[in-house]
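Please look over the model below with the following briefing beside it.

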Amino acid sequence: MNARALEQGASFKRSITQTLLIKDLRLARVVVGPALGVLSSIALLVCGLPLVAPSLARLMGLPTGRDGSWFLVPLNVFAFCLVPAWTAVALSFGELSRKGEVLTATLPLEGATKWRSKFLVALLVYAVFALIAFATLEMVGAAMPLVAGAERGWVVAVALIGLCWGFGAAGFTRGIASGFGLATALPFLAFLCLLVVANVVTPIFRDLIWASIGFDARFFPSDTRFDIDEVSNKANFWRHVESPLLLSILSSLFLCGVWSAWHARGWIAGQHAAARTPARGLLKLAVLVVLLGVFSSAIAAVTAQTRLGWNQSANQAIMRGFESVMAMDPDKLADESTKEVGLSGWSCNQILVAQRFAWSHLYVAPGGIADEVIDLPTSRFRGPHWDEQQGKAVALRVRMADPNERAALLAAFERIAADSTGHELGQRLAAAFKVESRGVEVSLVSLAAHAIADHHDACDVLFSMEVLAIRHGTMQGFPHGACECRVRAVNRLRGVRAMLASGAPDAAAWEGRLDVLTVDRALAVLSAPMTFVRDAESAALAAIPLSPSDPAHRAQLERRHAELFACLECDITTLIDESGMRLEPPTLAE
Amino acid sequence: MSHAPKETETRLEPTPAFFAGGLAGGLAGGLALTCKALALRFGRVHALAGFDLNLAEGESVGLVGRNGAGKSTLFRCIVGTEVLDAGAIELPAGLSRVEFLSRVGFVPDTLSAYDWMSAGDAIAYVAALQPRFDSAWCAQLQRLLGIDRSAKVRDLSRGMQARLAFVLGLSHRPSLVLLDEPLLGVDAVTHDVVLETLARMRCEIGATMLIASHQLGDLARLTDRVVFVDRGKVIESVPTDELVTKTTRLHVHGVPRGWVPPPNLVHTRWLDDAAVLTIQGDVAVVEQRILSSHPNARIERVPLSIHEACADRLRGMEVLP
């Protein structure tokens, strides 16, 4: 080989990998160059201009300071999702020169060698734009709602999916311009298609699963609101499906992208000089998307049902409770449904804490109150028969909705509310509450006022006081807000007294149930320091089944009692003036 | 089969590396290739429809056909940039696809190189990826064809592009040379140099050649036989020598319009009052038949160039189904 030949021939020999990488980097420059240019220009404009020429920046309406940085984050995240995909398009179509002839394709190279180089360059671009996006995020140092924490994983996944579809676009179109369009639009279309398929197919799988395990759609357990409405129950299931479904749809989208890239491997390596119809490939892709949509839906439905495994037993319990109440005699049902909390043998504090919970659900049968009753009032309460109680509560609502059943049940509730000998106060109040539509104010306030005026039992007084306060308006129960509760109860009674004394037309409804004298007696009990509660409570507190090894729990309970007594034993004039205006509550001594 | 070039004059320097590499590297002789019933369709267009072709080792074959006959598609199928719908291209035994490509030199009708590369970059690119690249031979080709290494591919004229395509395709001394209209736009001198180079390649390393060209004079110089192609099929294969020596044109005067000439002629047409017949084979037999039916007819033999011979064959193919 002569010197001249070396100079013109061998001297510029590079390795195959190096040569292909340089070529592919040059092909990627078509997209990466302008993208970096646009991003850096905007970054310079947004961050630099307000520093250099703040007045000009304001004139241009540029976001400044933190706003400006925040503006860059979504921009860079968007670029991270789009640019690698478009780079893949440029790498795929870059081999084509005029008339579709291909230089690299005619050289003796394995397809994998050509692919590897393009894939490495695409990954490099992916890494660079990920770095830019997340570095911007870190610099901003704020938890952007869109890209904070776990959301970053989604962004990374979306960009990776885009990368696969970018390579795949070459299999479905002939020109680079339509390649960019397809790389952007096809994943969206596939995503929409997957969503549509999932919306159609997931309910079918759900019904199949429920049918196979004997799950009754009417009794879908819920932490929030239970309803027998089958439609809303199914929607509730959908809420549990959403997360696994989204994950499986994204996985399907990724698989479709990988298939597209595999389908286009020949084109990317240069085997596509002339015009070929992409219809067959698109048809295959559509079939794949539908199949994966069905598969995703099945996986999501099974995953959701597996996660909600406890629901099957809960579902059965609700169904048991529902069916037992539906078959019950109205008198017995009225009696059962108002046995909310037995007042005897419990600390007033505990009872009231539990009672508030019981009231909110209208129906808690005996046994519904569990050991959690001694827990903090703000904690979540759930008894061992909770699901069954839900079923019973719904069944009661169903029967109350039937006009014939409703009349019989209301009569039974009225009998219980009026029976001062056979039923204790709690049950009578619960029964009075059930006849709400027929004058719950009169029933409840009368019962509560009588209980306070007679004040045979400290718990009765506290319970009634809270009933008066709650009926007056929304408020916190005992022990938190005890002062508020006492004030509201007094104001409520004062209002009733004024109405009774005025002889207004409304007073007729109260006739035979409550008089001014009884109200005055009740007001006297509530206005004077209520020291009798401490006496009764001290005895009850000793009976609380608290473990001695739980000093923290006991200390917490004692503190709550101290708060309660501070509110109950102070003079009412320290809480409220004559006109009913609320004063500062007493400070609890440490 | 003769591998000798049709014209002996040469200006190509006989470089020792060229001969040594060609023989010592096991490249002496060409590659055989068989195309069997190749079929390829683009939408409704059948670019190849049962294309059969046998290329013997060292043979040089010209492909002649009208535009759209399937010649360029055949080349793309051979080098693998098109995937066949049916049929097979049988490579020599024991040769993988990659090894085959390393011995194939493809010169397309349009330069296939990245626009952003300079001519030097394009050559360096091929040098890195073509394991049989011969630097000395490449340098000699560049010098002969006057390649400006610094010029960008996108700035090259059509003729310069053809020259560069020639260098890129042949700088590894291929055993099978595929030329798809390689001389479009080149000047007369370069045209001559290219023909000389190809002739030397046939002569010295016995490369097999498949040349598609509308410049039929070139085919006469370079090929052993000419294959006529129409609508994706081989219609006829004729030894190049016979195209000129055994093809005759007769002008027949004194026969009435509507006269039906003897069968199996290459082509028949009317020129004023004379019937123009193109005949392949024994012309005396045809003359005797005409005179026996029309004793007053006057027959005139007209010499034919290869261009005219091929053109008449192509015209004749138009009536074929």
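In this predicted model, A:Leu124 lies in helix 5 of chain A, and A:Leu124 counts as partly exposed because its relative accessibility is 46%.

**Nonpolar surface patch**
- A:Leu124 belongs to a nonpolar patch on the surface together with A:Leu25, A:Leu36 and A:Val128, and these residues have about 300 Å² of accessible area together.
- Helix 2 (16-52) and helix 5 (111-140) of chain A are the elements that give two or more residues to the nonpolar patch.

**Strand pairing in chain B**
- Strand 11 (residues 267-271) of chain B pairs with strand 12 (residues 274-280) of chain B in the antiparallel sense, over 5 bridges, and B:Arg269 stands opposite B:Val276 in strand 12 of chain B.
- These two strands form a hairpin with 2 residues between them, and B:Asp272 in the turn has a positive phi of about 55 degrees.

**Salt bridges**
- Over all chains, the structure holds 21 salt bridges.
- A:Lys23 and A:Asp24 form a salt bridge in which the closest N and O atoms are 3.0 Å apart, and both residues are buried; a network of salt bridges links A:Lys23, A:Asp24 and A:Lys118.
- A:Asp520 and A:Arg497 meet through their side chains in a salt bridge (2.4 Å, N to O), which links distant parts of the chain, with A:Asp520 in helix 20 (residues 516-527) of chain A and A:Arg497 in helix 19 (residues 482-502) of chain A, 23 residues apart.
- A:Asp520 counts as partly exposed because its relative accessibility is 28%, and A:Arg497 likewise counts as partly exposed, at 31% relative accessibility.
- In chain B, B:Glu82 forms a salt bridge with B:Arg76, with the closest N and O atoms 3.9 Å apart, and both B:Glu82 and B:Arg76 are buried.

Methods: Residues are numbered from 1 along each chain as its sequence is written. Chains are lettered from A and ligands numbered from 1 in the order in which they are written. This is a predicted model: local features need pLDDT of at least 70, side-chain atom pairs count only at pLDDT 80 or more; totals for chains, interfaces and linings use all residues. Side-chain values use heavy atoms; hydrogens and water are left out. Patches are made of residues with over 30% relative accessible area and no salt bridge: like charges are joined within 9 Å, nonpolar side chains (Val, Leu, Ile, Met, Phe, Trp, Tyr) within 5 Å. Accessible areas come from the Shrake-Rupley method with a 1.4 Å probe; for residues, only the protein chains shown count as cover. A salt bridge is a side-chain nitrogen of Lys or Arg within 4 Å of a carboxyl oxygen of Asp or Glu. Helices (H or I, at least four residues) and strands (E, at least two) are DSSP runs, numbered from the N terminus. Buried means under 20% relative accessible area, exposed over 50%, partly exposed in between (1.4 Å probe, protein chains only). Two strands pair if DSSP finds at least two bridges between them.
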